[in-house]
Amino acid sequence: MRRRDFLAAAACAPLVACARHGDPPLPPGELHGGGLDLGHRLRQRGFAPATEVRRIPVLVIGAGIAGLSAGWKLQQAGFGDFLIAEMESEPGGNSRYGENAVSAYPFGGHYLPLPTRESTAVRELLADLGALHGDARAARPVYDELLLCHTPQERLYKDGFWQEGLLPRLGVNAAERSQITRFQERMAELKEARDTHGRRAFALPLALSSRERKWRDLDRITMRAWLLANGFDSAHLHWYVNYACRDDFGTDYGATSAWAGLHYYACRTGAAANAAADTVLTASSGNGWMVKALAARLGPRLLSGATVFRLVQDRQGVEADVWLTAEKRTLRIKAERVIWSSPLFLLPHIAEGLPPAVAGTARAGSYAPWLVANLTLDALPAEGAGASIAWDNVLYGSAGLGYVVATHQRLRLDPGPTVLTYYRALADMEPPLARKRLLDASREQWAGAILAELSRAHVDLPRLTRRLDIFRHGHAMIRPLPGVITATGRAALVPGWGRVQFAHADVSGVSLFEEANYQGVRAAEATLRQLRVRHRSSLS
C-alpha cells in the first residue's frame with residue numbers, strides 16, 4: 001500500500017485505539033475553537049442594528065501579525081488616530097499563545113527564522129522590540145541571546161532511535177544518501193540564483209522574487225512532481241520534503257506548488273553575528289512574545305471581541321458595523337480609510353460591492369485546518385535512545401508534525417514540569433472533510449490519539465501528562481496550491497479597493513510571518529500616503 005493510500009484510509013479510521021487494561025485515564029483539559037461560532041455566524045448574519053456611531057480616520061480589521069504590524073507602522077510614523085478590531089477575545093491570529101502555572105506556550109506559530117536582509121520591516125520590528133541590537137540592516141546583526149534557540153534545536157525519531165536534525169539518516173542506503181546530498185546542493189544553488197535583472201529567484205518577501213517565466217512556471221506544478229522530474233525518488237527525501245510542506249503550508253507536497261516548496265528552502269538567507277544561519281528565534285510562547293509586546297503598545301487602540309460583519313464604502317469614507325461580543329451590541333464605525341488584515345475568505349461575506357477580481361480571488365482560496373495541543377507534564381519524558389531531547393522533536397512517518405518544548409530556553413536552569421506543544425496539519429484529506437473531522441471529534445478522541453502517537457517514542461508520556469488542551473484552527477492558513485501565488489487576480493489585491501487596503505498574508509498566497517508583516521506594513525504605508533502623513537518607509 002502506498003503511503004498516501006494508507007493515510008487516506010487512516011483518516012477514516014477511529015481516532016483512538018482501544019484502551020488497554022491499566023492505562024491511566026485521559027488527562028483533563030479544554031477544547032478551544034478559535035472563533036468558530038462567530039465565523040459561522042458571519043455567513044448567517046442576524047446581528048442587531050447599531051446603537052452607537054463612532055468616527056475615526058483609520059480602522060484596521062484583524063489583529064493577527066498583519067494587523068499588528070500595520071498598527072506598529074502607523075504608530076512608528078507618529079499617527080495614533082486608529083482602531084484595530086479583532087474578532088477573537090485575544091489578538092495574535094496564528095501567533096496567539098496561552099499560559100498556565102508551568103509555562104507560556106504557543107497556540108500556533110512557534111518560531112521566526114533569522115530574517116533575511118530583504119525582510120527590512122521584520123528586522124526593524126525586532127530592533128524596536130529589543131530583540132535585535134545595533135543596525136537592523138547590517139549583514140549579520142546581533143540578536144538577543146535569550147531568544148536564539150538553544151541547542152539541541154531539532155531531532156528525529158526513527159526505528160526506535162533519536163537522531164540529530166530532521167533529514168533522515170538511520171536506515172538510509174548509500175544511493176539515497178547521495179540523492180539527499182544532491183538535493184541539498186541544488187537548494188544551495190537556488191539560494192544564490194538570480195534572474196537577468198539581478199533579482200533573487202526566491203526572495204522573502206515574495207514580492208521581491210524574480211518574475212521571469214523560468215521561475216514563475218514552477219507555480220504550475222506540484223513539489224512532488226518537481227522532485228520526480230529532477231530525478232529525486234528517495235522515499236526518505238520525499239518524506240522530508242513532504243514534512244516541510246505540511247509544516248509550513250499545512251498541505252501535502254503532492255498538492256503544494258513547486259514554487260512554494262522550493263521557496264521554503266531557497267529563500268532563507270538570514271545570518272547573525274552571534275548565531276549559526278539555521279538558528280531560529282523562539283520563546284516559551286512561540287511568537288506570542290511579539291504579540292504581547294505589540295498589544296501592550298496599542299492599549300485602547302486594540303478592540304478585541306469585535307466582529308466586523310458589514311463593510312461598505314463610498315466617496316466620503318467606509319462604514320463598518322461591528323458586533324461587540326461582551327456588550328452584545330453593534331457599533332457602527334465611520335472611517336476615512338480601512339486596512340483589511342483578516343483572512344480573505346471572509347471578505348465576500350462582509351464587504352458590499354467588491355470588484356469581481358477581488359471577490360473571485362477571495363472565494364478561490366483553499367484553507368488548511370490545523371490542530372494544536374498543549375500537554376502539561378509533571379516532568380520531561382525519558383529521552384530515549386540516541387540524541388537528547390531538543391526544542392523541536394519529530395516522529396518519522398507520523399500523522400502529526402511532532403512537538404516543541406515550551407520550556408526549552410530555560411531547561412538548563414529549571415528541569416521540572418514542562419509543556420509540550422504538539423502540531424498536526426490535517427493535510428491527509430481534502431480541507432472540507434478535514435475541517436469536519438476536526439470539529440466533530442471530541443477533545444477526548446483527539447487527546448487519546450495524540451497520546452497514542454507520541455507514546456511510540458515516549459512510553460511514559462501518558463503517566464506524566466497532567467493536562468491536555470486542544471486548540472482547533474478551522475482555516476489556519478491559505479494553501480499554496482499550483483497557480484495560487486501567480487494568479488492574475490492576486491495582483492488586483494495590491495493596489496487595494498478604493499479606500500480599503502488589503503494587508504493579510506493571503507495577499508501573498510502563502511502564510512508566513514514575514515509575509516504577514518510585509519503586507520501589514522505595506523498597507524499601513526499606503527494608507528499614510530493617502531492621508532498625506534510623512535513617514536520613512538520600512539520596506540526599502
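Trainee: What percentage of the 540 residues in the chain do buried residues make up?
Mentor: Buried residues make up 58%. Buried means under 20% relative accessible area, exposed over 50%, partly exposed in between (1.4 Å probe, protein chains only). This is a predicted model: local features need pLDDT of at least 70, side-chain atom pairs count only at pLDDT 80 or more, and totals for chains, interfaces and linings use all residues. Residues are numbered from 1 along each chain as its sequence is written, and side-chain values use heavy atoms, with hydrogens and water left out.

Trainee: What makes helix H9 mostly covered?
Mentor: Eight of its nine residues, 258–266, are buried. Among them are Trp259, Leu262 and Tyr265. Helices (H or I, at least four residues) and strands (E, at least two) are DSSP runs, numbered from the N terminus.

Trainee: Which helices do the buried residues of H9 pack against?
Mentor: They pack against H5 (174–192), H6 (213–216), H7 (223–229) and H8 (235–249). Contact means heavy atoms within 4.5 Å.

Trainee: Why is H4 called roughly perpendicular to H17?
Mentor: Their axes come within 8 Å and cross at roughly 90 degrees. Axes are lines fitted to C-alpha atoms, for helices over the stretch in contact, and angles run from 0 to 180 degrees between N-to-C directions. Angles of 65 to 115 degrees count as roughly perpendicular. So H4 is roughly perpendicular to H17.

Trainee: Which residues make the contact?
Mentor: Ala121, Val122 and Leu125 of H4 meet Phe513, Glu514, Asn517 and Val521 of H17.

Conventions: Angles under 35 degrees count as roughly parallel, over 145 as roughly antiparallel, 65 to 115 as roughly perpendicular and the rest as oblique.
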